[in-house]
Amino acid sequence: MKRLGGVTRMIGVASSLLLVTACSTGSGSGGDDSPPPPQPVSAKEYATMLTGALGPLDKALDGLATANAYKGLDDRVSAVETATRQAADKLTPVQPPAELSSQHTQLVAALQAFEKEVGGVGEQINDRVTCTGGAVRADLGDAKATAGLRAAIGAAVARLPGTKIAVSLPAADQQVDARPSNGKLLRSRGLDGEGLLTIDNGGSSDAVVTITKGRKPTAAVYVRKGKQYTVKEIPDGTYAVFFTGGTDWDGKARAFGHKCAFQKFDQSLGFRTTRTTTQTFYQTYRITLQPVAGGTAKTDQVDPDRYPNE
């Protein structure tokens, strides 16, 4: 209320309420349009689906079974990881027979766990923690996820009389090859000269030193940590010097299975023999595989795919 010039005026405020009513319309039939739940497949159909899903995985595992050296190893492991994921994706939406319900659930979960395990192995290869096919198979063979998948496949197949499904999972308890003796020549081509190369391994791991004249190794020798060895009868020529170190020697791959490193000396070694009527003169070299005060030899990392291993 306001008083203006002695006149009292009332100021009123009008308000209105808007009521909104929401409504929904039906389909006209009064029924539910959602699709019916999937019907369980027969045992025979399930066996066919299982074979189709696991077949590519078995093929990828066969490829891994023949892998040896580092070169191409990541591709073979990646193929196993992909095949495992695809198998899980194919089986996840399947409605199994009632008598296989729990086994089906177990199998899908086991495939997913195995895929994760294989992916972790792939990362270890890229980090050069795992370096050979034998090391990959040994690590996977002892993994809990591998044992789980082996059991899950066996449980499902046991419920399918007459069905045979073989998946070549790596076996458990695979043994690492014996550590070679100090000075073991792993490769030797034409050692019939006069040159000498003494190798002193004061590093923290065993090593293999390889000398090459051209593309293929002339000699490759295993030198244990804390030991030394002299390669004799090296023919005349100029040689590049490579070395690799690591743990868990893989004899089939002729390489270290774990924690591998690959290096090359920047400086080549030249061997030359000179003979007189009374004497023979020849070159001798000594290399060390650890930093040495006053040492002049430098090394560089080498791509494992370019390391001489033939």
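Phe-271 counts as buried, because its relative accessibility is 5%; buried here means under 20% relative accessible area, with a 1.4 Å probe and protein chains only. Tyr-239, at 1% relative accessibility, is likewise counted as buried. The ring centres of Tyr-239 and Phe-271 are 5.7 Å apart and the planes stand at 80°, so this pair is edge-to-face. For the criterion, rings of Phe, Tyr and Trp (its six-membered ring) pair if their centres lie within 6.5 Å, with planes under 30 degrees apart counted as stacked, over 60 as edge-to-face and the rest as tilted. Tyr-239 belongs to strand β8 and Phe-271 to strand β10 (residues 269–271), so the pair ties together parts that are 32 residues apart in sequence. Strands are DSSP runs of E of at least two residues, and helices are runs of H or I of at least four, numbered from the N terminus.

A word on the basis of these values. The model is predicted, so local features need pLDDT of at least 70 and side-chain atom pairs pLDDT 80 or more, while totals for chains, interfaces and linings use all residues. Residues are numbered from 1 along each chain as its sequence is written, and side-chain values use heavy atoms, without hydrogens or water.

By the ring rule, the count comes to 9 aromatic pairs. Among them is the edge-to-face pair of Tyr-222 and Trp-249, at 5.3 Å centre to centre and 80° between the planes. Both Tyr-222 and Trp-249 are buried.

Finally, I turn to helix α4. Of the 9 residues in α4 (residues 133–141), 7 are buried, so this helix is largely enclosed by the rest of the structure.

How values were computed. Buried < 20%, exposed > 50% of the residue type's maximum accessible area, 1.4 Å probe, protein only.
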